Amino acid sequence: MKIAILSRAPRSYSTQRLRAAAADRGHDPKVLNTLRFAIDLSAEQPDLLYRGRPLSDYDAVIPRIGNSITYYGTAVVRQFEQMDVYTPNTASGISNSRDKLRANQILSRHGIAMPPTAFVRNRADVVAAIERVGGAPVVLKLIEGTQGIGVILAPELKVAEAIIETLQSARQNVLIQRFIRESRGRDIRALVVGDRVVAAMRRSASGTEFRSNVHRGGSVEGVELDDEYARTAVRAAQIMGLKVAGVDMLESDDGPLVMEVNSSPGLEGIETATKLDVAGAIIDYIANQVAFPQIDVRERLSVSTGYGVAELVVHGDADLVGKSIGESGLRERDITVLTLHRGTGVIPNPSFGQRLEAEDRLLCWGRVEEMRSMIPERPKRRPRVKKLPKHPIPEEIA
């Protein structure tokens, strides 16, 4: 298997370990500088040039895209996808994870527990936002920060206001997040590969530092995750569209709270802490998946005229409640249920006998007009009752 490792840091621990793990298993790994690619859209088939020459054939690509080149890096990964080269992390998944606000919105939509978070742009809304997440102290995060950079603990309301105002004046977007006191400067990093956690470590902040990142001087120790933490980590990575991810979680009184899903997790800290061959687990997973390249399902299923992908919600008063998928009449309307979402659970490819419940969400592919007809009209805003005029009855009438 010929593997391209996209990295601008060929001597970094993570890049060297992936290269060594691939070579040890008899594969042919090549480390390629992401910025030396040129995307060719002029040919009949999508293609890439590397250092000015046509790229040779590859079976898989492992993106190690730095935060500073996310846009160009994801464009290169997307071109590999168009060429049907397998990648464990798609361009869409990488883009989703890089924008902290976007990632929070996606995870929240799917019921993943996170520290209460707010995002505002107007100075007048800052105090209310801080109060909504639980009041000071609060954690302020730059949306595109990494390795703990751009994460600030504001101990008081006035301090938080001043920091936010300063950052916004520098055209920086800031998330406002509740400070989870009980975590005591510690968090869990779970390394997800495919549908399982292959290694996990606890990171602890040094001294008075509240950020536990290894780059900030934090210490690490290997841990065994219980089912709840492992299940949360895998689900968060899957929701983001990542097959290889580092999922950071806080240990709160209410269970795991996801802070971040990293699409290019460092391997040195977790391999040192756990003594496990994480790089090897990544290569083994890719070798098992390379014959089945990931595709953008929504894009592929939407190319047929009149057909598309949509999510249908089973409302409490709908006729579908209590009926099986086979009895629902969806098949007769040329609608196929791909996945049934119930609460935080997922039922892939549900059977015809699966009974529908209120608030189920059905990911469907089928005739667009039929699916559109099943979505109830949005209720119109109730008209406001105006104040009685000063002269209710005009004099000419009286």
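Predicted model: local features only at pLDDT ≥ 70, side-chain atom pairs only at ≥ 80, totals over all residues.

Biologist: What makes strand 1 and strand 2 a pair?

Modeller: Pairing asks for at least two bridges between two strands. Strand 1 and strand 2 have five bridges, so they count as a pair. As one example, Leu6 has Leu32 in strand 2 as its bridge partner.

Biologist: Which sheet has the order 2-1-6?

Modeller: That is an open sheet of three strands with parallel pairing. Strand 2 (28-32) and strand 6 are the edges: each has a single partner strand, so one side of each has no neighbour in the sheet. On average, neighbouring strands here are turned by 20° against each other, direction ignored.

Biologist: How do you know that strand 19 pairs with strand 16, and in which sense?

Modeller: Count the bridges again. Strand 16 (residues 307-313) and strand 19 share seven, in the antiparallel sense. Strand 17 (residues 335-342) is also antiparallel to strand 19, with six bridges.

Biologist: Which residue of strand 19 does Val309 stand opposite?

Modeller: Trp365. Val309 itself belongs to strand 16.

Biologist: Why is Val309 called buried?

Modeller: The cut-off for buried is under 20% relative accessible area. Val309 has 18% relative accessibility, so Val309 counts as buried.

Biologist: And Arg361: where does that residue lie, and is it buried or exposed?

Modeller: Arg361 lies in strand 19 (residues 361-367). Its relative accessible area is 11%, and the limit is 20%, so Arg361 is buried. Its bridge partner is His341.

Biologist: What makes the span of helix 9 close to the expected one?

Modeller: Helix 9 (residues 278-289) has twelve residues, and 16 Å is expected at 1.5 Å a residue. From first C-alpha to last, helix 9 reaches 17 Å, which is close to that. At its start, a side-chain oxygen of Asp277 comes to within 2.8 Å of the backbone nitrogen of Gly280.

Biologist: Which residues of helix 9 are buried?

Modeller: Among them are Val278, Ala281, Ile282, Ile283, Tyr285 and Ile286.

Biologist: Which residues touch the most other members of the largest nonpolar core?

Modeller: That core has 23 residues, and the ones touching the most other members are Leu18, Ile62, Val198, Val278, Ile282 and Ile283. Elements giving two or more residues to this core include strand 1 (2-6), helix 1 (13-24), strand 6 (60-63) and helix 9. Helix 9 gives the largest share, seven residues. Apart from this core lies another, of 22 residues, among them Ala103, Met240, Val247 and Val261.

Biologist: What does Val278 touch, beyond residues up to four places away in sequence?

Modeller: Val278 touches Leu191, Val198, Ala199, Leu267, Ile270 and Glu271.

Note on methods:
Residues numbered from 1 in each chain as written. Heavy atoms only, no water. Helix = DSSP H or I, 4+ residues; strand = E, 2+ residues; numbered from the N terminus. Expected span 1.5 Å × (residues − 1). Buried < 20%, exposed > 50% of the residue type's maximum accessible area, 1.4 Å probe, protein only. Polar contact = N/O pair within 3.5 Å; in protein donor to acceptor, adjacent residues only side chain to side chain. Core = buried A, V, L, I, M, F, W, Y, C linked by side-chain atoms within 4.5 Å. Contact = heavy atoms within 4.5 Å. Axes fitted to C-alpha atoms, helices over the stretch in contact; angles between N-to-C directions.
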